[in-house]
Amino acid sequence: MDLTFLLMTLLKIVLICFVFAMILGAILTWGERKLSAVVQDRIGPNRASILGVTALGLMHPIADMLKAFTKEDFVPAGANRFLFAMAPMLAMVPPLVVFAVVPFGPGPDFVIAPLDTGVLFIFAIGGMGIYGATLGGWSSNNSFALLGSLRAAAQMISYEVSMGLNLVGIFMIFGTVSLSNIVLGQGQLLWGWLPMWGIVVQPVAFILFMTASMAENKRAPFDLPEGESEILGYNLEYSSMRFALFFLSEFVEIVVIAAMAATLFFGGWQIPWVDPQGTAGGWITVGQVAAFVGKVVFLCWVQLIIRWTLPRFRYDQVMALGWKYLLPLSLLNIVATAVVLAML
Amino acid sequence: MDAICEPNVHLVEEDGEMILNMGPHHPSTHGVLRMILSMDSEVIRCLSADLGYLHRGIEKIGESIPWQGFMPYTDRVDYLGAMFVNHGYAMAVERLLGVEVPPRAEYLRVVADELNRIASHIICIGSVTMDLGAYTPFLHGIREREKINDIIEEWCGARLTYNYMRIGGVSFDLTPGLKIKILEFLDGFEVFVQEFNNLISFNEIFIKRCAGVGTITPEDAVGYGLIGPNLRASGVDFDVRRDHPYGVYPELDFDVCVGRGIKGEVGDVYDRFWLRIEEMLQSVRLIRQAIERMPMGPIMGKVPKKIKPEKGASAHSRVEGARGDLFTYVMSNGTVNPHRIHIRTGSFNAFSIVEKLAPGMMIADLVALFASLDIIAPETDR
Amino acid sequence: MTAELLIFYFMAIMAVGGAVCVVLPPFGRNPLHAALALLVSFFFVAGIFVMLSAHLVAVLQILVYAGAVMVLFVFVVMLLNLKKDELKGARWTPWKVFGVGAGLVMFTKLALAVVVVTEGETPVNLAAEGFTGYGGIHDVGAALVTTYLLPFELTSILLLVAIIGAVLVARRQTGGAS
């Protein structure tokens with residue numbers, strides 16, 4: 001464990017967690033507003049400027065950040081101050097830690113920690129996100145926030161189960177839970193011409209996974225914990241940077257989901273038919289990293305557009321969907337995959 | 001659910017209950033209304049409706065100003081349907097005085113009323129979708145409503161509180177350019193309705209959230225005095241425009257839409273939502289006919305400068321407003337000021353039935369029910 | 001003292017400290033704080049598993065205990081929302097005595113096992129000897145469905161019984177109300 005290794009790892013952490021994830025998350029706040037504006041026939045953010053440069057409203061995340069930092073940090077009366085302060089951090093940290101095992105490019109240089117328990121690690125750490133939402137709502141001393149945090153806890157626990165089971169098919173086909181190896185496995189070709197991407201071999205799992213992970217991230221149509229027209233959300237009492245942390249964590253989680261879906265179902269850094277082993281180096285490697293980032297951005301866009309199209313489920317409908325439809329379907333998917341694999 | 005729910009009494013936390021104070025500032029009360037809920041986690045055990053936050057004493061104000069001067073106040077009764085209250089008050093005073101309204105003015109009133117009806121229904125169906133979490137359809141609706149606002153602004157100078165009608169006629173005539181604009185809007189509006197339906201009305205999640213939720217039986221609808229679209233959605237075939245005709249409505253051809261329970265039961269949230277969409281299309285038909293058949297002529301009847309009806313005379317009018325049967329009663333005491341003005345609106349009754357329907361409902365359904373009843377806060381109190 | 005040992009001691013102290021905080025004031029006073037202290041303890045225990053190259057067990061520790069079991073604890077604590085005075089009446093009950101006894105027995109057995117195993121043995125660096133898959137998902141999984149198949153299946157049955165029991169309890173409650 002020498003110094004260069006430590007420094008390299010630190011550099012990777014900074015580049016991946018703070019430069020890639022946080023900046024993409026911040027840009028997504030702009031993206032969501034701009035996209036919703038396009039969807040809704042509006043202009044959207046276009047005013048914030050630095051020296052007259054508005055850049056399509058891209059200065060808005062900076063303005064938002066400045067605003068969040070300078071606003072009053074309000075703690076409601078009767079709140080549990082300790083947990084009230086802890087909750088936004090608990091919400092923000094897990095999605096960032098998850099990036100430790102996501103391979104951004106071929107080889108061990110493009111991943112912070114190439115664990116062979118990769119996907120399980122993501123679930124373990126990602127599951128911690130529940131605490132932020134639940135404790136945030138509970139500690140605010142507000143009935144609406146309490147309802148929101150109850151909804152959040154119930155919903156996130158329910159969907160975590162089927163989210164994990166959806167991926168079992170992928171594990172069985174590629175024979176590994178390490179993300180790097182799954183990506184390598186997706187470089188193979190089916191019948192000599194079709195890239196063996198996860199979405200090709202496990203299309204049902206992809207749809208179920210996206211559904212479950214959007215529910216896990218509490219975004220429309222599963223945004224009941226926020227449910228701004230009913231209970232106003234678990235983060236109702238938060239203001240200033242604490243609220244911004246909740247807000248940003250949601251967007252970083254969008255990036256996490258997109259990165260996971262890209263890695264597991266869209267071949268990660270694979271460019272079809274080009275250098276499946278990732279040994280070429282040079283410009284091809286640059287292209288592969290760019291391909292990964294491109295896939296992530298595309299999947300982020302998919303999540304945003306769903307958010308602005310669909311209405312919200314009701315609490316019992318969310319539970320019924322999770323337990324009565326998604327869970328049996330993912331179990332069926334596992335059985336079907338096993339049968340097909342056994343026959344081949 | 002065998003716990004007895006007594007609204008206004010049931011305000012303490014009983015075993016396992018949580019009191020939730022919804023309003024007066026809550027995004028889904030659409031104005032300042034308050035509901036106190038006794039919740040069993042997500043399920044409502046009891047609801048106490050509380051209003052009076054927007055009482056401005058409009059009817060009392062009317063007693064101290066001249067007959068003509070009350071017209072702008074009628075705008076404030078119902079901010080989404082100012083035209084109907086204008087119309088109702090003008091008609092009541094015309095009946096009191098026995099003034100004849102010229103036919104062109106009557107047709108203009110129909111055009112203005114129906115445009116306003118579309119604008120109001122857009123807000124209602126938009127807020128149903130918005131309260132169910134779909135923000136986009138609402139803003140698409142707002143875009144169309146904006147066009148109506150532009151048309152009416154060009155027509156009478158105001159976008160919300162129109163103050164368009166006068167005792168004995170209307171204030172401004174329709175210019176030929178505006179006529180073309182209205183027809184163009186109507187063509188675009190039918191396309192919008194198609195698009196809106198594809199976006200949200202036939203969305204599976206939306207149907208699941210609305211169908212079979214908040215069902216009002218015809219007996220309850222009549223018993224609680226619901227009016228307008230809420231009443232018709234429950235399967236009661238009643239429309240003032242057809243059953244107590246006024247103006248030139250008997251000469252125009254339109255259908256009265258009645259709830260049929262197309263996705264769930266008759267009188268559920270989806271029926272009320274769908275009925276308003278159908279009514280908007282009927283309004284489009286009405287406006288087209290009215291513009292086509294509109295005769296030339298004056299827009300104001302012969303009204304005395306100083307309105308001074310004889311003492312004790314009284315009159316009433318009924319107008320089919322966006323929220324239903326709008327009843328206006330006026331009485332004179334022989335001076336230039338009215339003795340009594342009363343306006344009967346629908347939102348008060350619509351709000352009262354929420355207390356009956358809410359127990360056993362989930363809070364998310366309450367929001368849908370509330371939006372589908374199209375309750376306008378200032379209209380409950382006046 | 002190597003860096004590894006330092007890290008181990010840090011983790012061990014935090015794990016035990018977290019566990020102590022669960023019952024002792026100031027954290028033990030508030031059920032939710034106690035639950036969070038337990039969470040901290042879980043995390044550092046997982047860290048110790050990682051140091052023993054039991055990666056899978058470490059991940060499962062977080063996934064199952066911190067991610068699922070503790071969330072349910074927090075859920076229940078939030079739902080009950082106990083007041084301070086309701087918590088004061090903590091008394092010795094036969095069940096508590098039994099629990100403490102069971103804990104002590106468990107502790108002695110574990111301590112004895114540790115002493116017996118480590119006595120006279122030198123630590124082996126498994127990774128250096130080429131056991132690359134040791135503690136990984138493949139080896140643990142294979143062991144579970146071959147050598148330890150019977151205990152594994154028995155545990156599954158136990159969980160099934162627990163699930164059915166939970167459903168039954170929930171059913172009876174709602175059935176009584178309607």
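The model is predicted. Two pairs of chains are in contact, and chains A and B share the most contacts. Chain B and chain C do not touch.

**Chains A and B**

- The contact joins 28 residues of chain B to 25 residues of chain A.
- On chain B, strand E1 (18–22), H4, helix H5 (135–156), helix H7 (204–210) and helix H13 (363–372) each give at least two residues to the side that touches chain A.
- H5(B) supplies the largest share of that side, five residues.
- By class, the side of chain B that touches chain A holds 15 nonpolar, seven polar and six charged residues.

**Chains A and C**

- Here 18 residues of chain A meet 15 residues of chain C.
- On chain A, helix H4 (118–126), helix H5 (129–139) and helix H6 (143–166) are the elements that give two or more residues to the side touching chain C.
- That side of chain A has 13 nonpolar, four polar and one charged residues.

**Chains B and C**

- The nearest C-alpha atoms of chain B and chain C are 7 Å apart.

**A covered helix: H4(A)**

- H4(A) is mostly covered, with nine of its nine residues buried.
- Among the buried residues are Gly118(A), Phe121(A), Phe123(A) and Gly126(A).
- Val119(A), Leu120(A), Ile122(A), Ala124(A) and Ile125(A) are buried in H4(A) as well.
- The cover from chain A includes helix H3 (81–97), H5, H6, helix H8 (179–185) and helix H11 (240–265).
- Chain C takes part too: its helix H3 (55–80) is included in what covers the buried residues of H4(A).

**A helix pair in chain B: H4(B) and H11(B)**

- Helix H4 (residues 103–131) and helix H11 (residues 269–293) of chain B have axes that come within 9 Å.
- Their axes cross at roughly 160°. Angles over 145 degrees count as roughly antiparallel, and therefore H4(B) and H11(B) are roughly antiparallel to each other.
- The crossing of H4(B) and H11(B) is left-handed.
- From H4(B), the residues making the contact include Tyr107(B), Val110(B), Glu114(B), Arg117(B), His121(B), Cys124(B) and Val128(B).
- From H11(B), they include Phe273(B), Arg276(B), Glu279(B), Met280(B), Ser283(B), Leu286(B) and Arg293(B).
- By class, the contact of H4(B) with H11(B) has 15 nonpolar, two polar and five charged residues.
- H4(B) also gives at least two residues to the side of chain B that touches chain A.

Terms used
Residues are numbered from 1 along each chain as its sequence is written. Chains are lettered from A and ligands numbered from 1 in the order in which they are written. This is a predicted model: local features need pLDDT of at least 70, side-chain atom pairs count only at pLDDT 80 or more; totals for chains, interfaces and linings use all residues. Helices (H or I, at least four residues) and strands (E, at least two) are DSSP runs, numbered from the N terminus. Ala, Val, Leu, Ile, Met, Phe, Trp, Tyr, Cys and Pro count as nonpolar, Asp, Glu, Lys and Arg as charged, and the others, Gly among them, as polar. Axes are lines fitted to C-alpha atoms, for helices over the stretch in contact, and angles run from 0 to 180 degrees between N-to-C directions. Angles under 35 degrees count as roughly parallel, over 145 as roughly antiparallel, 65 to 115 as roughly perpendicular and the rest as oblique. A crossing is left-handed if the near helix is turned anticlockwise from the far one by less than a right angle, and right-handed if clockwise. A residue is buried if 20 or more other C-beta atoms lie within 10 Å of its own, exposed if 12 or fewer, and partly exposed in between; C-beta atoms are placed from the backbone.
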